[in-house]
Amino acid sequence: MTYYEDDQKILQIQDQLDIVELISETVQLSRRGNNYWGLCPFHGEKTPSFSVSRDKQMFYCFGCHTGGNIFTYVMKKNGLEFREALELLAAKAGVELTRPQDRSRADLNKAIAGINNVAAQFYHQNLLGASGKTARSYLERRGVNEQTIKTYILGYAGEDWQGLTDFLLGKGYHAEILKASGLIKRSDGQDRFYDLFRNRIIFPIMLYNRDVIGFGGRNLGDALPKYLNTPETELFSKRKNLYGLAQARENIREKNNAIIVEGYMDCIKLHQTGIMNVVATLGTALTGEQAQLLRRYTEKVTVIYDGDEAGQNATMRAAGILRQAGVKVEIISLPAGKDPDDLIEYLGKEGFLNYIENNVCSCIEFNLKRHIQATPLLDLDAKIRIINTLKEDIDNLDSWVEKDSYIKLLARKLKVEENIIYQEFRQSNNHRQYRNNNVRIRDNIKYGKYGLQEKILAAILKDPLLYEKIKSSIGIKFFANPEYQAFIYEYDRLQGEPNDRIKKIAAGVNSEAAAATNAMIAMLIDDEKESDNADREVEEFIMRVEQKKAEQELEKTIGQVASLGDQGDFSSFLKFIAKVNNIENLTREGGSL
(Lines give C-alpha, C1' and ligand atoms only; values in the text may rest on other atoms or scores of the structure.)
Protein backbone atom coordinates (compact mmCIF):
# COMPACT_ATOMS: atom_id res chain seq x y z
CA MET A 1 0.00 0.00 0.00
CA THR A 2 1.30 3.47 -0.88
CA TYR A 3 0.96 5.97 1.94
CA TYR A 4 2.76 8.92 0.43
CA GLU A 5 1.72 11.41 -2.19
CA ASP A 6 4.93 11.70 -4.25
CA ASP A 7 8.70 11.90 -4.16
CA GLN A 8 8.49 15.58 -3.26
CA LYS A 9 7.79 14.56 0.35
CA ILE A 10 11.04 12.58 0.39
CA LEU A 11 12.99 15.52 -1.00
CA GLN A 12 11.28 17.83 1.50
CA ILE A 13 12.44 15.63 4.39
CA GLN A 14 15.97 15.59 2.98
CA ASP A 15 15.96 19.39 2.75
CA GLN A 16 14.67 19.76 6.32
CA LEU A 17 17.24 17.44 7.92
CA ASP A 18 21.04 17.67 7.89
CA ILE A 19 22.69 14.27 7.45
CA VAL A 20 25.80 15.39 9.35
CA GLU A 21 23.72 16.39 12.38
CA LEU A 22 21.66 13.20 12.16
CA ILE A 23 24.66 10.87 12.00
CA SER A 24 26.54 12.91 14.64
CA GLU A 25 23.89 11.80 17.14
CA THR A 26 25.48 8.34 17.15
CA VAL A 27 28.87 8.72 15.40
CA GLN A 28 31.69 11.10 16.31
CA LEU A 29 32.55 12.96 13.09
CA SER A 30 35.42 15.30 12.32
CA ARG A 31 35.76 17.52 9.27
CA ARG A 32 38.44 16.76 6.70
CA GLY A 33 38.22 18.77 3.52
CA ASN A 34 34.66 19.05 2.29
CA ASN A 35 33.47 15.91 4.07
CA TYR A 36 33.15 14.56 7.60
CA TRP A 37 34.86 11.35 8.70
CA GLY A 38 34.40 8.89 11.55
CA LEU A 39 34.50 5.23 12.56
CA CYS A 40 31.90 3.24 10.66
CA PRO A 41 28.91 2.25 12.84
CA PHE A 42 28.24 -0.79 10.65
CA HIS A 43 31.51 -2.67 11.07
CA GLY A 44 34.41 -2.65 13.51
CA GLU A 45 37.39 -0.52 12.52
CA LYS A 46 40.19 1.48 14.12
CA THR A 47 40.88 3.93 11.27
CA PRO A 48 38.00 6.12 10.02
CA SER A 49 36.75 5.08 6.60
CA PHE A 50 33.18 6.36 7.03
CA SER A 51 32.59 9.57 5.06
CA VAL A 52 29.60 11.94 5.22
CA SER A 53 28.94 14.68 2.67
CA ARG A 54 26.82 17.63 3.78
CA ASP A 55 26.64 19.01 0.22
CA LYS A 56 25.28 15.77 -1.21
CA GLN A 57 23.48 14.65 1.97
CA MET A 58 24.98 11.17 1.60
CA PHE A 59 27.33 8.81 3.45
CA TYR A 60 29.65 6.04 2.31
CA CYS A 61 32.01 3.63 4.07
CA PHE A 62 35.08 2.77 2.04
CA GLY A 63 35.66 -0.22 4.32
CA CYS A 64 32.38 -2.17 4.24
CA HIS A 65 30.89 -0.36 1.19
CA THR A 66 27.67 0.61 2.92
CA GLY A 67 26.24 3.91 1.74
CA GLY A 68 23.19 5.98 0.95
CA ASN A 69 21.20 8.93 2.24
CA ILE A 70 19.47 9.72 5.55
CA PHE A 71 16.80 7.08 4.88
CA THR A 72 19.35 4.37 4.14
CA TYR A 73 21.28 5.29 7.29
CA VAL A 74 18.24 5.05 9.57
CA MET A 75 17.13 1.80 7.91
CA LYS A 76 20.54 0.21 8.37
CA LYS A 77 21.20 1.60 11.84
CA ASN A 78 17.81 0.67 13.31
CA GLY A 79 16.90 -2.34 11.18
CA LEU A 80 13.85 -0.65 9.65
CA GLU A 81 11.98 -0.98 6.39
CA PHE A 82 11.89 2.10 4.15
CA ARG A 83 8.34 3.04 5.16
CA GLU A 84 9.27 2.90 8.85
CA ALA A 85 12.39 5.01 8.31
CA LEU A 86 10.41 7.50 6.26
CA GLU A 87 7.81 7.90 9.01
CA LEU A 88 10.47 8.30 11.68
CA LEU A 89 12.37 10.98 9.73
CA ALA A 90 9.16 12.73 8.67
CA ALA A 91 8.23 13.12 12.32
CA LYS A 92 11.72 14.45 13.04
CA ALA A 93 11.47 16.93 10.15
CA GLY A 94 7.88 17.96 10.92
CA VAL A 95 6.61 16.74 7.55
CA GLU A 96 3.05 15.33 7.32
CA LEU A 97 2.95 12.00 5.48
CA THR A 98 -0.11 10.00 6.33
CA ARG A 99 -3.40 10.56 4.60
CA PRO A 100 -6.46 11.24 6.81
CA GLN A 101 -7.79 7.66 6.50
CA ASP A 102 -4.49 6.24 7.79
CA ARG A 103 -4.23 8.47 10.85
CA SER A 104 -6.75 6.56 12.96
CA ARG A 105 -4.80 3.33 12.53
CA ALA A 106 -1.50 5.06 13.29
CA ASP A 107 -3.04 6.64 16.39
CA LEU A 108 -4.39 3.27 17.55
CA ASN A 109 -0.96 1.62 17.19
CA LYS A 110 0.65 4.46 19.09
CA ALA A 111 -1.93 4.09 21.85
CA ILE A 112 -1.38 0.31 22.07
CA ALA A 113 2.41 0.80 22.29
CA GLY A 114 1.84 3.28 25.12
CA ILE A 115 -0.41 0.82 26.97
CA ASN A 116 2.15 -1.96 26.51
CA ASN A 117 4.96 0.20 27.88
CA VAL A 118 2.92 1.02 30.99
CA ALA A 119 1.89 -2.64 31.39
CA ALA A 120 5.52 -3.78 31.12
CA GLN A 121 6.47 -1.53 34.04
CA PHE A 122 3.44 -2.75 36.03
CA TYR A 123 4.49 -6.38 35.59
CA HIS A 124 8.15 -5.51 36.32
CA GLN A 125 7.27 -3.80 39.60
CA ASN A 126 5.08 -6.78 40.51
CA LEU A 127 8.09 -9.07 40.07
CA LEU A 128 10.29 -6.86 42.22
CA GLY A 129 7.61 -6.41 44.91
CA ALA A 130 6.18 -8.67 47.62
CA SER A 131 3.72 -10.39 45.25
CA GLY A 132 6.59 -11.50 43.01
CA LYS A 133 8.46 -13.57 45.61
CA THR A 134 7.50 -16.93 44.07
CA ALA A 135 8.32 -15.73 40.57
CA ARG A 136 11.71 -14.36 41.71
CA SER A 137 12.48 -17.71 43.36
CA TYR A 138 11.68 -19.48 40.08
CA LEU A 139 14.00 -17.18 38.11
CA GLU A 140 16.72 -17.62 40.71
CA ARG A 141 16.47 -21.41 40.38
CA ARG A 142 16.81 -20.99 36.61
CA GLY A 143 19.98 -18.97 37.16
CA VAL A 144 18.61 -15.57 36.07
CA ASN A 145 20.28 -12.69 37.94
CA GLU A 146 18.99 -9.22 38.89
CA GLN A 147 20.81 -7.41 36.10
CA THR A 148 19.24 -9.67 33.49
CA ILE A 149 15.80 -9.05 35.00
CA LYS A 150 16.35 -5.31 34.53
CA THR A 151 17.89 -5.62 31.05
CA TYR A 152 14.91 -7.56 29.71
CA ILE A 153 12.34 -5.82 31.98
CA LEU A 154 11.08 -9.22 33.10
CA GLY A 155 7.81 -9.12 35.01
CA TYR A 156 5.19 -11.11 36.85
CA ALA A 157 1.42 -11.29 36.34
CA GLY A 158 -0.24 -12.17 39.65
CA GLU A 159 -3.11 -14.58 40.19
CA ASP A 160 -5.64 -11.75 40.46
CA TRP A 161 -8.03 -11.86 37.49
CA GLN A 162 -8.24 -8.08 37.19
CA GLY A 163 -4.95 -6.72 38.55
CA LEU A 164 -3.72 -5.18 35.31
CA THR A 165 -7.24 -4.28 34.13
CA ASP A 166 -7.98 -2.23 37.24
CA PHE A 167 -4.54 -0.59 37.13
CA LEU A 168 -4.88 0.53 33.49
CA LEU A 169 -8.49 1.66 33.87
CA GLY A 170 -7.36 3.64 36.88
CA LYS A 171 -4.80 5.34 34.64
CA GLY A 172 -7.63 6.58 32.43
CA TYR A 173 -7.34 4.15 29.52
CA HIS A 174 -10.62 3.21 27.83
CA ALA A 175 -11.62 -0.46 28.12
CA GLU A 176 -12.03 -0.93 24.36
CA ILE A 177 -8.50 0.37 23.68
CA LEU A 178 -7.19 -2.00 26.34
CA LYS A 179 -9.05 -4.85 24.66
CA ALA A 180 -7.45 -3.89 21.31
CA SER A 181 -4.02 -4.32 22.93
CA GLY A 182 -4.83 -7.95 23.68
CA LEU A 183 -3.88 -7.58 27.34
CA ILE A 184 -7.44 -7.86 28.62
CA LYS A 185 -10.47 -9.84 27.48
CA ARG A 186 -14.22 -9.43 27.87
CA SER A 187 -16.13 -12.07 29.82
CA ASP A 188 -18.64 -14.11 27.82
CA GLY A 189 -22.15 -12.96 28.66
CA GLN A 190 -20.91 -10.46 31.24
CA ASP A 191 -20.07 -6.80 30.89
CA ARG A 192 -16.70 -7.02 32.58
CA PHE A 193 -13.06 -7.46 31.59
CA TYR A 194 -10.27 -9.67 32.95
CA ASP A 195 -6.49 -10.04 32.46
CA LEU A 196 -5.03 -12.27 29.76
CA PHE A 197 -1.95 -13.19 31.86
CA ARG A 198 -2.31 -14.65 35.35
CA ASN A 199 0.38 -16.31 37.48
CA ARG A 200 2.99 -16.07 34.71
CA ILE A 201 6.54 -14.78 34.26
CA ILE A 202 6.21 -11.96 31.71
CA PHE A 203 8.66 -11.43 28.83
CA PRO A 204 8.13 -8.06 27.06
CA ILE A 205 8.76 -8.16 23.31
CA MET A 206 10.25 -4.89 22.04
CA LEU A 207 11.01 -2.98 18.87
CA TYR A 208 14.48 -1.57 18.15
CA ASN A 209 13.55 1.61 20.09
CA ARG A 210 12.42 -0.49 23.10
CA ASP A 211 8.74 0.22 22.58
CA VAL A 212 6.90 -2.88 23.83
CA ILE A 213 4.73 -4.37 21.08
CA GLY A 214 3.65 -7.59 22.80
CA PHE A 215 4.30 -10.05 25.62
CA GLY A 216 5.10 -13.67 26.24
CA GLY A 217 4.05 -15.34 29.48
CA ARG A 218 5.50 -18.53 31.06
CA ASN A 219 3.08 -20.33 33.38
CA LEU A 220 4.17 -20.92 36.99
CA GLY A 221 1.32 -23.30 37.76
CA ASP A 222 -0.46 -26.12 35.96
CA ALA A 223 -2.51 -24.07 33.51
CA LEU A 224 -2.04 -24.61 29.79
CA PRO A 225 -0.51 -23.54 27.53
CA LYS A 226 2.90 -23.44 29.17
CA TYR A 227 3.82 -20.36 27.11
CA LEU A 228 1.25 -17.78 26.00
CA ASN A 229 1.69 -14.73 23.74
CA THR A 230 -0.50 -11.68 23.37
CA PRO A 231 -2.75 -12.09 20.31
CA GLU A 232 -1.81 -10.76 16.88
CA THR A 233 -2.56 -7.06 16.43
CA GLU A 234 -1.73 -4.39 13.85
CA LEU A 235 1.30 -3.68 16.03
CA PHE A 236 2.42 -7.21 16.90
CA SER A 237 2.99 -10.28 14.77
CA LYS A 238 4.94 -13.35 15.89
CA ARG A 239 6.05 -13.96 12.30
CA LYS A 240 7.67 -10.54 11.94
CA ASN A 241 9.46 -10.05 15.27
CA LEU A 242 12.19 -11.62 17.38
CA TYR A 243 12.61 -11.71 21.13
CA GLY A 244 15.70 -9.93 22.47
CA LEU A 245 16.48 -7.97 19.30
CA ALA A 246 16.27 -4.62 21.13
CA GLN A 247 18.97 -5.79 23.56
CA ALA A 248 21.12 -7.60 20.97
CA ARG A 249 21.06 -5.49 17.82
CA GLU A 250 24.17 -3.38 18.47
CA ASN A 251 26.17 -6.49 19.39
CA ILE A 252 24.83 -8.32 16.34
CA ARG A 253 25.96 -5.48 14.09
CA GLU A 254 29.36 -5.26 15.79
CA LYS A 255 30.04 -9.00 15.40
CA ASN A 256 28.24 -9.26 12.04
CA ASN A 257 26.65 -12.40 13.45
CA ALA A 258 23.36 -13.20 15.17
CA ILE A 259 22.78 -16.31 17.25
CA ILE A 260 19.20 -17.55 17.09
CA VAL A 261 17.62 -19.87 19.67
CA GLU A 262 14.12 -21.22 20.21
CA GLY A 263 13.18 -20.06 23.70
CA TYR A 264 13.00 -16.89 25.79
CA MET A 265 15.05 -18.48 28.60
CA ASP A 266 17.67 -19.73 26.15
CA CYS A 267 18.06 -16.17 24.84
CA ILE A 268 18.26 -14.65 28.31
CA LYS A 269 20.76 -17.19 29.67
CA LEU A 270 23.10 -16.89 26.67
CA HIS A 271 23.05 -13.10 27.02
CA GLN A 272 23.81 -13.42 30.72
CA THR A 273 26.66 -15.81 29.93
CA GLY A 274 28.30 -13.11 27.80
CA ILE A 275 26.94 -14.12 24.40
CA MET A 276 25.03 -10.91 23.77
CA ASN A 277 24.26 -11.17 20.04
CA VAL A 278 21.39 -13.62 20.63
CA VAL A 279 17.68 -13.54 19.74
CA ALA A 280 14.81 -16.03 19.93
CA THR A 281 11.80 -16.89 17.83
CA LEU A 282 8.38 -16.30 19.39
CA GLY A 283 7.07 -19.80 19.84
CA THR A 284 6.91 -20.55 16.11
CA ALA A 285 9.28 -21.97 13.52
CA LEU A 286 11.59 -19.37 11.95
CA THR A 287 9.81 -17.41 9.21
CA GLY A 288 10.99 -15.63 6.09
CA GLU A 289 10.02 -12.31 7.65
CA GLN A 290 12.22 -12.99 10.67
CA ALA A 291 15.11 -14.01 8.40
CA GLN A 292 14.76 -10.74 6.47
CA LEU A 293 14.69 -8.84 9.77
CA LEU A 294 17.99 -10.43 10.77
CA ARG A 295 19.43 -9.67 7.34
CA ARG A 296 19.06 -5.96 8.08
CA TYR A 297 21.63 -6.30 10.87
CA THR A 298 24.01 -9.08 9.85
CA GLU A 299 25.35 -11.24 7.04
CA LYS A 300 25.73 -14.35 9.21
CA VAL A 301 23.44 -16.25 11.59
CA THR A 302 24.37 -19.09 13.93
CA VAL A 303 21.51 -21.47 14.75
CA ILE A 304 21.49 -23.15 18.20
CA TYR A 305 18.34 -25.20 18.57
CA ASP A 306 17.54 -28.09 20.91
CA GLY A 307 19.53 -31.29 20.48
CA ASP A 308 16.52 -33.61 20.08
CA GLU A 309 15.23 -34.81 16.71
CA ALA A 310 12.56 -32.12 16.50
CA GLY A 311 15.16 -29.43 17.24
CA GLN A 312 17.55 -30.76 14.61
CA ASN A 313 14.79 -30.89 11.98
CA ALA A 314 13.86 -27.32 12.89
CA THR A 315 17.54 -26.39 12.50
CA MET A 316 17.60 -27.57 8.88
CA ARG A 317 14.35 -25.75 8.08
CA ALA A 318 15.66 -22.54 9.67
CA ALA A 319 18.96 -22.84 7.79
CA GLY A 320 17.13 -23.13 4.48
CA ILE A 321 14.99 -20.06 5.19
CA LEU A 322 18.02 -18.01 6.24
CA ARG A 323 19.97 -18.98 3.14
CA GLN A 324 17.03 -17.95 0.95
CA ALA A 325 17.24 -14.54 2.64
CA GLY A 326 20.88 -14.27 1.58
CA VAL A 327 22.36 -14.98 5.01
CA LYS A 328 25.40 -17.17 5.62
CA VAL A 329 24.47 -19.87 8.15
CA GLU A 330 26.45 -21.73 10.81
CA ILE A 331 25.06 -24.38 13.14
CA ILE A 332 25.96 -25.48 16.64
CA SER A 333 24.68 -28.97 17.27
CA LEU A 334 23.78 -29.64 20.91
CA PRO A 335 23.84 -33.05 22.65
CA ALA A 336 20.60 -35.01 22.34
CA GLY A 337 17.95 -33.87 24.78
CA LYS A 338 19.75 -30.63 25.70
CA ASP A 339 18.78 -27.02 25.00
CA PRO A 340 21.15 -24.04 25.43
CA ASP A 341 19.80 -23.24 28.90
CA ASP A 342 20.37 -26.86 30.04
CA LEU A 343 23.89 -26.92 28.66
CA ILE A 344 24.86 -23.67 30.39
CA GLU A 345 23.69 -25.09 33.72
CA TYR A 346 25.53 -28.37 33.06
CA LEU A 347 28.84 -27.02 31.75
CA GLY A 348 29.02 -23.60 33.39
CA LYS A 349 29.89 -20.39 31.59
CA GLU A 350 33.45 -21.26 30.51
CA GLY A 351 32.58 -24.81 29.57
CA PHE A 352 29.63 -23.64 27.51
CA LEU A 353 31.72 -21.02 25.67
CA ASN A 354 34.34 -23.67 24.90
CA TYR A 355 31.64 -26.01 23.62
CA ILE A 356 30.28 -23.29 21.31
CA GLU A 357 33.75 -22.53 19.96
CA ASN A 358 34.59 -26.19 19.29
CA ASN A 359 31.28 -27.33 17.81
CA VAL A 360 30.35 -24.71 15.23
CA CYS A 361 29.96 -26.07 11.72
CA SER A 362 28.50 -25.13 8.34
CA CYS A 363 25.13 -26.29 7.02
CA ILE A 364 26.84 -28.72 4.67
CA GLU A 365 28.91 -30.22 7.49
CA PHE A 366 25.83 -30.48 9.69
CA ASN A 367 23.80 -32.12 6.94
CA LEU A 368 26.62 -34.57 6.13
CA LYS A 369 26.92 -35.53 9.80
CA ARG A 370 23.16 -36.12 10.08
CA HIS A 371 23.08 -38.30 6.94
CA ILE A 372 26.01 -40.41 8.13
CA GLN A 373 24.45 -40.85 11.59
CA ALA A 374 21.12 -41.86 10.00
CA THR A 375 22.77 -44.46 7.73
CA PRO A 376 23.30 -47.81 9.51
CA LEU A 377 25.38 -49.26 6.64
CA LEU A 378 27.61 -46.83 4.74
CA ASP A 379 27.78 -48.94 1.58
CA LEU A 380 28.31 -47.77 -1.99
CA ASP A 381 24.64 -46.90 -2.61
CA ALA A 382 24.49 -44.89 0.63
CA LYS A 383 27.65 -42.97 -0.29
CA ILE A 384 26.28 -42.09 -3.74
CA ARG A 385 23.00 -41.00 -2.21
CA ILE A 386 24.75 -38.72 0.32
CA ILE A 387 26.98 -37.18 -2.39
CA ASN A 388 23.95 -36.49 -4.60
CA THR A 389 22.04 -35.01 -1.65
CA LEU A 390 24.82 -32.51 -0.87
CA LYS A 391 25.85 -31.80 -4.46
CA GLU A 392 23.45 -28.91 -5.08
CA ASP A 393 24.44 -27.11 -1.86
CA ILE A 394 28.12 -27.39 -2.76
CA ASP A 395 27.46 -26.28 -6.35
CA ASN A 396 25.67 -23.15 -5.11
CA LEU A 397 28.67 -21.92 -3.14
CA ASP A 398 30.27 -18.76 -4.53
CA SER A 399 33.82 -19.66 -3.50
CA TRP A 400 35.70 -22.32 -5.42
CA VAL A 401 38.00 -22.73 -2.44
CA GLU A 402 34.92 -23.70 -0.37
CA LYS A 403 33.74 -26.13 -3.04
CA ASP A 404 37.14 -27.78 -3.14
CA SER A 405 37.23 -27.97 0.66
CA TYR A 406 33.82 -29.67 0.88
CA ILE A 407 34.67 -32.16 -1.83
CA LYS A 408 37.74 -33.09 0.21
CA LEU A 409 35.53 -33.35 3.32
CA LEU A 410 33.14 -35.70 1.51
CA ALA A 411 36.06 -37.84 0.39
CA ARG A 412 37.44 -38.04 3.93
CA LYS A 413 34.15 -38.73 5.74
CA LEU A 414 32.82 -41.20 3.16
CA LYS A 415 36.23 -42.83 2.56
CA VAL A 416 36.09 -42.26 -1.19
CA GLU A 417 38.93 -41.09 -3.46
CA GLU A 418 38.79 -37.31 -4.11
CA ASN A 419 39.13 -37.68 -7.88
CA ILE A 420 36.11 -40.00 -7.94
CA ILE A 421 33.96 -37.34 -6.24
CA TYR A 422 35.31 -34.65 -8.61
CA GLN A 423 34.27 -36.92 -11.47
CA GLU A 424 30.77 -37.24 -10.02
CA PHE A 425 30.45 -33.46 -9.86
CA ARG A 426 31.81 -32.95 -13.37
CA GLN A 427 29.49 -35.53 -14.95
CA SER A 428 26.38 -33.97 -13.42
CA ASN A 429 27.38 -30.39 -14.23
CA ASN A 430 28.20 -30.60 -17.95
CA HIS A 431 31.89 -31.08 -17.27
CA ARG A 432 32.30 -27.84 -15.36
CA GLN A 433 35.82 -27.61 -13.99
CA TYR A 434 36.31 -27.44 -10.25
CA ARG A 435 39.94 -26.33 -10.10
CA ASN A 436 41.52 -22.94 -10.83
CA ASN A 437 38.59 -22.04 -13.02
CA ASN A 438 37.00 -19.11 -11.28
CA VAL A 439 38.04 -16.05 -13.29
CA ARG A 440 36.18 -12.91 -12.30
CA ILE A 441 36.56 -9.24 -13.06
CA ARG A 442 38.15 -7.54 -10.09
CA ASP A 443 36.08 -4.86 -8.41
CA ASN A 444 38.45 -1.92 -8.11
CA ILE A 445 36.30 -0.09 -5.58
CA LYS A 446 36.31 -3.15 -3.31
CA TYR A 447 40.08 -3.05 -3.20
CA GLY A 448 40.26 0.65 -2.35
CA LYS A 449 41.29 2.07 -5.72
CA TYR A 450 39.53 3.44 -8.75
CA GLY A 451 39.57 1.96 -12.23
CA LEU A 452 39.03 3.65 -15.58
CA GLN A 453 35.22 3.47 -15.34
CA GLU A 454 35.23 5.27 -11.99
CA LYS A 455 37.69 7.95 -13.16
CA ILE A 456 35.69 8.68 -16.30
CA LEU A 457 32.46 8.75 -14.29
CA ALA A 458 33.93 11.22 -11.78
CA ALA A 459 35.33 13.44 -14.55
CA ILE A 460 32.11 13.74 -16.56
CA LEU A 461 29.95 14.33 -13.47
CA LYS A 462 32.28 17.10 -12.33
CA ASP A 463 32.46 18.85 -15.68
CA PRO A 464 29.21 19.35 -17.68
CA LEU A 465 31.24 20.14 -20.84
CA LEU A 466 33.07 16.82 -20.65
CA TYR A 467 29.73 15.10 -20.03
CA GLU A 468 28.20 16.65 -23.17
CA LYS A 469 31.33 15.82 -25.18
CA ILE A 470 31.21 12.13 -24.27
CA LYS A 471 27.41 11.99 -24.70
CA SER A 472 27.55 13.47 -28.23
CA SER A 473 30.44 11.29 -29.39
CA ILE A 474 30.02 7.77 -27.97
CA GLY A 475 26.80 8.10 -25.98
CA ILE A 476 26.20 7.10 -22.34
CA LYS A 477 25.78 3.34 -22.71
CA PHE A 478 29.48 2.48 -22.57
CA PHE A 479 29.78 1.51 -18.87
CA ALA A 480 30.45 -2.19 -18.31
CA ASN A 481 29.20 -1.92 -14.72
CA PRO A 482 25.37 -2.21 -14.89
CA GLU A 483 24.96 -0.16 -11.70
CA TYR A 484 26.91 2.73 -13.22
CA GLN A 485 24.87 2.35 -16.39
CA ALA A 486 21.60 2.59 -14.44
CA PHE A 487 22.88 5.63 -12.53
CA ILE A 488 24.01 7.55 -15.62
CA TYR A 489 20.72 6.76 -17.40
CA GLU A 490 18.76 8.35 -14.53
CA TYR A 491 21.23 11.23 -14.33
CA ASP A 492 20.77 12.02 -18.03
CA ARG A 493 16.98 11.90 -17.69
CA LEU A 494 16.96 14.61 -15.01
CA GLN A 495 17.60 18.34 -15.24
CA GLY A 496 19.59 20.69 -13.01
CA GLU A 497 22.98 20.89 -11.33
CA PRO A 498 24.93 17.62 -10.76
CA ASN A 499 24.40 17.66 -6.97
CA ASP A 500 20.66 18.23 -7.38
CA ARG A 501 20.39 15.36 -9.86
CA ILE A 502 22.32 13.03 -7.58
CA LYS A 503 20.03 13.88 -4.63
CA LYS A 504 16.94 13.22 -6.77
CA ILE A 505 18.32 9.86 -7.88
CA ALA A 506 19.02 8.94 -4.25
CA ALA A 507 15.45 9.86 -3.27
CA GLY A 508 14.07 7.29 -5.69
CA VAL A 509 16.34 4.42 -4.67
CA ASN A 510 14.66 1.55 -2.79
CA SER A 511 17.40 -1.09 -2.58
CA GLU A 512 20.41 -1.28 -0.29
CA ALA A 513 22.80 -2.17 -3.14
CA ALA A 514 21.68 0.73 -5.36
CA ALA A 515 21.86 3.16 -2.43
CA ALA A 516 25.46 2.11 -1.73
CA THR A 517 26.41 2.49 -5.40
CA ASN A 518 24.87 5.96 -5.63
CA ALA A 519 26.61 7.06 -2.43
CA MET A 520 29.94 5.71 -3.67
CA ILE A 521 29.53 7.67 -6.92
CA ALA A 522 28.70 10.85 -4.98
CA MET A 523 31.76 10.44 -2.75
CA LEU A 524 33.89 9.51 -5.75
CA ILE A 525 33.28 12.93 -7.28
CA ASP A 526 34.71 14.56 -4.13
CA ASP A 527 37.46 12.00 -3.66
CA GLU A 528 38.88 12.14 -7.20
CA LYS A 529 41.22 15.12 -7.16
CA GLU A 530 40.94 17.81 -9.80
CA SER A 531 43.15 16.81 -12.71
CA ASP A 532 44.59 18.88 -15.53
CA ASN A 533 44.62 15.66 -17.54
CA ALA A 534 40.85 15.03 -17.26
CA ASP A 535 40.21 16.45 -20.74
CA ARG A 536 42.96 14.34 -22.26
CA GLU A 537 41.84 11.17 -20.42
CA VAL A 538 38.27 11.58 -21.68
CA GLU A 539 39.53 12.23 -25.23
CA GLU A 540 41.68 9.09 -25.09
CA PHE A 541 38.73 7.13 -23.73
CA ILE A 542 36.44 8.37 -26.52
CA MET A 543 39.10 7.44 -29.08
CA ARG A 544 39.46 3.94 -27.67
CA VAL A 545 35.71 3.35 -27.57
CA GLU A 546 35.31 4.59 -31.16
CA GLN A 547 38.17 2.37 -32.29
CA LYS A 548 36.60 -0.62 -30.58
CA LYS A 549 33.27 0.10 -32.27
CA ALA A 550 35.07 0.42 -35.62
CA GLU A 551 36.82 -2.92 -35.12
CA GLN A 552 33.48 -4.58 -34.35
CA GLU A 553 31.93 -2.98 -37.42
CA LEU A 554 34.86 -4.21 -39.53
CA GLU A 555 34.41 -7.78 -38.32
CA LYS A 556 30.69 -7.59 -39.06
CA THR A 557 31.26 -6.16 -42.55
CA ILE A 558 33.94 -8.67 -43.51
CA GLY A 559 31.48 -11.40 -42.66
CA GLN A 560 29.32 -10.22 -45.57
CA VAL A 561 32.04 -10.91 -48.20
CA ALA A 562 31.03 -14.45 -48.98
CA SER A 563 27.38 -13.65 -49.45
CA LEU A 564 28.15 -10.74 -51.80
CA GLY A 565 30.57 -12.86 -53.81
CA ASP A 566 28.02 -15.64 -54.16
CA GLN A 567 25.42 -13.17 -55.44
CA GLY A 568 27.79 -11.94 -58.22
CA ASP A 569 26.71 -8.33 -57.61
CA PHE A 570 29.90 -6.47 -58.70
CA SER A 571 28.51 -2.97 -57.92
CA SER A 572 27.59 -3.96 -54.35
CA PHE A 573 31.00 -5.57 -53.98
CA LEU A 574 32.79 -2.30 -54.93
CA LYS A 575 30.65 -0.38 -52.38
CA PHE A 576 31.58 -2.99 -49.79
CA ILE A 577 35.33 -2.55 -50.50
CA ALA A 578 35.00 1.24 -50.04
CA LYS A 579 33.19 0.71 -46.72
CA VAL A 580 35.93 -1.61 -45.45
CA ASN A 581 38.58 0.96 -46.46
CA ASN A 582 36.80 3.74 -44.47
CA ILE A 583 36.50 1.53 -41.39
CA GLU A 584 40.18 0.58 -41.56
CA ASN A 585 41.15 4.25 -41.68
CA LEU A 586 39.01 4.94 -38.62
CA THR A 587 40.63 2.05 -36.79
CA ARG A 588 44.15 3.28 -37.55
CA GLU A 589 43.30 6.83 -36.45
CA GLY A 590 41.90 5.55 -33.18
CA GLY A 591 45.22 4.09 -32.02
CA SER A 592 45.63 0.83 -30.14
CA LEU A 593 43.72 -0.44 -27.12
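This is a predicted model: local features need pLDDT of at least 70, side-chain atom pairs count only at pLDDT 80 or more; totals for chains, interfaces and linings use all residues.
## Salt bridges, to begin with

A salt bridge here is a side-chain nitrogen of Lys or Arg within 4 Å of a carboxyl oxygen of Asp or Glu.

Where do R323 and D393 sit? R323 belongs to helix α13 and D393 to helix α16 (residues 380-395), so this pair links distant parts of the chain, 70 residues apart. R323 has a relative accessible area of 34% and is partly exposed. D393, at 18% relative accessibility, counts as buried because the cut-off for that word is under 20%.

## Other links across the chain

How many salt bridges does the structure hold? The count is 19. One of them joins the side chains of E84 and R296, at 3.7 Å from N to O. With a relative accessibility of 29%, E84 counts as partly exposed.

Next up is the salt bridge between D341 and K269, whose side chains come to 2.7 Å, N to O. Here, too, distant parts of the chain are linked: D341 lies in helix α14 (residues 340-359) and K269 in helix α11, 72 residues apart. Are D341 and K269 buried or exposed? Both D341 and K269 are buried.

## A four-stranded open sheet

Now for a sheet. Its 4 strands follow the order β6-β9-β10-β11, the pairing is antiparallel, and the sheet is open. At the edges you'll find β6 (155-157) and β11 (227-229), each of which pairs on one side only. Neighbouring strands in this sheet are turned against each other by 35 degrees on average, ignoring direction.

Look at the β6 end for a moment. β6 pairs with strand β9 (residues 200-206) in the antiparallel sense, over 3 bridges. To spot this pairing in the model, find A157: its bridge partner in β9 is R200. Helix α11 (residues 264-273) packs on this sheet and touches β9, β10 (212-219) and β11. The direction of α11 makes about 75 degrees with that of β9. This is also the helix that holds K269, the salt-bridge partner of D341.

## Around strand β15

Why is strand β15 (residues 328-332) described as largely enclosed by the rest of the structure? It's because 4 of the 5 residues of β15 are buried.

Strand β14 (residues 300-303) runs parallel to β15, and 4 bridges join the two. Within that pairing, K300 has K328 of β15 as its bridge partner. Strand β16 (residues 360-362) runs antiparallel to β15 and is joined to it by 3 bridges. There, E330 stands opposite S362 of β16.

Together, β14, helix α13 (residues 309-324) and β15 make a β-α-β unit, and the unit is right-handed.

Terms used: Residues are numbered from 1 along each chain as its sequence is written. Side-chain values use heavy atoms; hydrogens and water are left out. Two strands pair if DSSP finds at least two bridges between them. Axes are lines fitted to C-alpha atoms, for helices over the stretch in contact, and angles run from 0 to 180 degrees between N-to-C directions. Contact means heavy atoms within 4.5 Å. Buried means under 20% relative accessible area, exposed over 50%, partly exposed in between (1.4 Å probe, protein chains only). A crossover is right-handed if, with the strands pointing away from the viewer, the path from the first strand over the helix to the second runs clockwise.
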